[in-house]
Amino acid sequence: MMENQFPIRQIIDVNGKIALPEYKEKMTAELAKKFYKQMIRIRTFDRKAISLQRQGRIGTYAPFEGQEAAQVGSAMALAEGDWMFPTYRDHGAAIVFGHSLSKVLLFWNGRNEGCIPPKGKNIFPPGIPIATQIPHAAGAAYAERKRGSTSAAIAYFGDGATSEGDFHEGVNFASVMRAPVVFFNQNNQFAISVPISKQMNSKTIAQKALAYDIPGIRIDGNDVFTAYFETLQALERARNGGGPTLIEAVTWRYGAHTTSDDPAKYRDQVENVKRREEDDPIIRVERWLKNEGLYDESWATTVKEEAITEVEEAVKEMEAFPKADPADIFDHVFAEPTWQIAKQKKEYFDLIGGEI
Amino acid sequence: MQTAVKVKTLTLVQAITDGLDTMLQEKEEVILLGEDIGKNGGVFRATDKLQDKYGEDRVIDTPLSEAGFVGAGIGMAVNGFLPIIEIQFLGFIYPAYEQIVTHASRLRMRTMGHFTVPMVIRAPYGAGVRAPEIHCDSTEAIFTHMPGIKVVCPSNPYDAKGLLIAAIEDPDPVLFLEPMRLYRSVRDEVPDGKYTVEIGKAKKRMEGEHVTLIAWGAMIPEVMEAAKAVKEKGINCEVIDLLTLFPIDKDMIAESVQKTGRTVVVHEAHATGGLGNDILAIINDTSFLYQKAPVERVTGFDAPVPYFGFEDHYLPTPERIKHAIEKVIKF
């Protein structure tokens with residue numbers, strides 16, 4: 001029933017054929033090529049990060065490969081001045097919205113500097129405890145509405161997050177306050193190892209919007225066009241006082257939850273291979289471009305080469321970053337250090353022979 | 001020439017209302033969030049008539065969701081507002097504990113000061129008012145333990161207003177504990193308008209050279225009564241009202257215990273892991289060789305705060321405090 005009430009919206013199908021012709025005019029070559037470029041960029045980043053982790057050059061890493069369409073489409077719909085509240089698996093979206101690649105790598109290499117967004121970019125540090133960033137997005141968005149601006153917020157979260165209290169409290173708060181926020185769920189169907197069937201009896205995540213009387217939209221999360229246009233529309237509604245929207249982007253992560261687990265233990269990897277072949281978000285755009293006669297092999301090669309260069313540069317920058325300064329443990333707990341922190345810092349620096 | 005500051009006589013809860021009013025007036029960014037704080041003026045009337053005066057846009061009745069509105073408050077604080085959040089009773093704060101200790105208190109550190117959370121969380125705490133169960137907790141130590149948040153607790157109307165204003169102006173999150181037992185039990189002259197009581201500074205309520213008594217909030221009247229009772233026997237107590245529970249005023253403690261060499265710490269929270277232990281550590285670190293007796297602690301028991309039928313047994317009383325004073329004197 002609920003699957004019928006919340007059908008999966010799809011603008012292009014897995015074969016790259018247009019499924020909703022009313023979008024035809026808006027689907028320009030320029031837009032599609034931007035999507036493609038961003039998806040290649042973040043996939044290149046993601047693969048490099050895994051390899052860096054394997055070589056011990058960064059710490060544990062949470063890969064997002066397979067979810068590029070959802071992250072690129074939604075992040076490209078944002079405007080300057082909007083707020084982004086990502087999780088630890090949404091740095092693809094954060095990069096698309098303007099975060100620096102080397103800073104994101106720094107975060108995964110255990111440094112606070114990686115949580116500082118570039119100037120003018122309202123990107124929160126990744127939400128680590130599940131769903132806790134959702135009330136923040138509601139609050140930041142509400143603050144925008146209160147001061148009469150048209151900026152909005154987007155909160156990212158996974159399927160498992162919708163079982164958490166913070167999801168319900170945050171969405172309810174936003175709904176009551178008509179906060180301009182888009183709750184962008186990436187339903188990759190697994191919360192680490194637990195499949196969605198054990199996570200909820202609800203047939204969809206989008207239906208959870210019904211309880212809060214806000215629009216709930218279910219989309220093909222591997223179709224970047226749908227992710228983009230639906231987020232754009234939800235943001236538009238938010239900016240015009242229409243309140244929040246819940247978007248469920250149905251997708252799949254190819255890899256592990258993090259580099260610390262083996263998905264073969266909990267998931268049928270045959271399904272994984274099949275999805276890669278049949279439903280890859282990047283291949284889908286490639287097919288559409290080919291169907292439209294817009295695909296150019298040498299352009300695609302250039303895009304891939306540029307992405308590799310950019311990522312390699314970011315790795316160099318991350319690795320050239322000055323070593324962690326122990327003073328940073330003490331200096332940012334409060335605006336002014338308390339006597340406890342000042343004392344501990346002094347004692348530690350006396351011990352290691354450094355200068356405060 | 002000095003202009004005379006107008007004063008008014010207020011109860012502790014009225015002084016809090018006055019402090020909120022003063023800051024709502026002073027700063028556009030100040031915004032109040034909480035359950036029943038609007039039309040109802042809060043279950044203790046701490047926000048009485050403030051919604052009438054400042055509107056529903058600034059004094060906001062939130063849904064029943066401690067994690068939700070503390071979390072949303074963090075989002076608002078990061079985005080330019082100064083939220084003052086009322087938690088109806090400290091015993092109901094736990095759903096928001098994660099938001100407080102993993103986000104509010106940590107965001108400055110995580111982002112090296114890029115995002116900060118100038119937010120005040122107000123919470124009535126403590127037993128002694130015949131309240132239903134879970135309404136009587138005094139769990140300040142689970143907050144003082146966590147880095148990145150300050151914890152304060154006044155014991156009279158003057159300090160309540162000044163400390164609240166200081167908390168609102170503090171660039172970091174502050175948990176403001178309100179002794180509900182003292183909400184209406186004392187009246188005090190409170191200056192009109194804005195003034196602050198410095199965070200991190202304790203105050204002496206009584207000077208003496210024999211024993212140092214350290215307490216805060218609702219335990220101050222109990223300690224004062226015990227101090228007055230032993231004075232008749234020739235024991236002169238020095239009473240320190242901490243006011244700030246983190247960061248504690250270690251200098252005043254050290255100065256006093258070096259003079260007296262005998263200390264009794266009183267709190268209504270449980271003994272194990274309680275703040276009394278941190279005070280002991282301060283005495284150990286600053287004044288070990290001055291001590292003439294082991295420090296005594298008079299606290300609530302290591303049992304859940306009981307139903308109010310038992311609270312007179314659970315709470316430290318002047319009798320128990322007197323007993324501890326005599327013990328450190330006789331040692």
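What follows is a conversation about the domains, pockets and cavities of a predicted model.

Q: Let's start with chain A: which domains does the assignment give?
A: In this predicted model, chain A is assigned domain 1, covering 2–322, and domain 2, covering 325–356.

Q: And how far apart are the centres of those two?
A: Taken over C-alpha atoms, the centres of domain 1 of chain A and domain 2 of chain A are separated by 38 Å.

Q: OK, how is chain B divided?
A: Chain B has domain 1 at 7–191 and domain 2 at 203–330, and 26 Å lie between the centres of domain 1 of chain B and domain 2 of chain B when these are taken over C-alpha atoms.

Q: What feature does UniProt place on chain B?
A: An unreviewed UniProt entry places the feature "domain: Transketolase-like pyrimidine-binding" at residues 10–185 of chain B.

Q: Switching to pockets, what volume does the largest one have?
A: The volume of the largest pocket comes to about 740 Å³. It is lined by 30 residues, and those closest to the centre of the pocket are A:Gln340, A:Gln344, B:Thr144, B:His145 and B:Phe246.

Q: Which elements supply at least two residues of that lining?
A: From chain A they are α13 (327–331) and α14 (339–352), and from chain B they are α6 (141–144), β12 (244–246) and α10 (275–287). The largest share of the lining of the largest pocket comes from α10(B), which gives 6 residues.

Q: How do the residues of that lining divide into nonpolar, polar and charged?
A: In the lining of the largest pocket, 17 residues are nonpolar, 8 are polar and 5 are charged.

Q: What about cavities, how many of 30 Å³ or more are there?
A: A search of the whole structure finds 3 cavities of 30 Å³ or more, and the largest cavity has a volume of about 110 Å³. Of the 14 residues that line the largest cavity, A:His91, A:Ala94, A:His99, A:Val104 and A:Pro126 are nearest its centre.

Q: Which elements give two or more residues there?
A: Those elements are α4 (91–96) and α5 (101–108) of chain A, and α5(A) gives the most to the lining of the largest cavity, with 3 residues. The lining of the largest cavity holds 10 nonpolar and 4 polar residues, with no charged ones.

Q: And what lines the second largest cavity?
A: The second largest cavity, with a volume of about 40 Å³, is lined by residues of both chains, including A:Val333, B:Arg106, B:Arg108, B:Asp172 and B:Pro173. Its lining divides into 4 nonpolar, 3 polar and 3 charged residues.

Q: Last topic, A:Asp82: where is it found?
A: A:Asp82 sits in the loop of chain A between α3 (68–76) and β1 (83–85).

Q: Is A:Asp82 buried or exposed?
A: A:Asp82 counts as buried because its relative accessibility is 0%, and buried means under 20%.

Q: What is A:Asp82 in contact with, leaving aside neighbours within four places in sequence?
A: With those neighbours left aside, A:Asp82 is in contact with A:Phe97, A:Asn122, A:Ser151, A:Ala152, A:Leu235 and A:Arg239.

Technical notes
Residues numbered from 1 in each chain as written. Chains lettered and ligands numbered in written order. Predicted model: local features only at pLDDT ≥ 70, side-chain atom pairs only at ≥ 80, totals over all residues. Heavy atoms only, no water. UniProt positions renumbered as here; feature names shortened; annotations may be inferred. 1 Å grid on protein atoms, 1.4 Å probe; cavity = no way out; pocket = protein on both sides within 12 Å on 5 of 7 lines; lining within 4 Å. Points joined across faces, edges and corners; volume = space filled by probe spheres on them. Helix = DSSP H or I, 4+ residues; strand = E, 2+ residues; numbered from the N terminus. Nonpolar A, V, L, I, M, F, W, Y, C, P; charged D, E, K, R; others polar. Domains from an automatic or database assignment. Buried < 20%, exposed > 50% of the residue type's maximum accessible area, 1.4 Å probe, protein only. Contact = heavy atoms within 4.5 Å.
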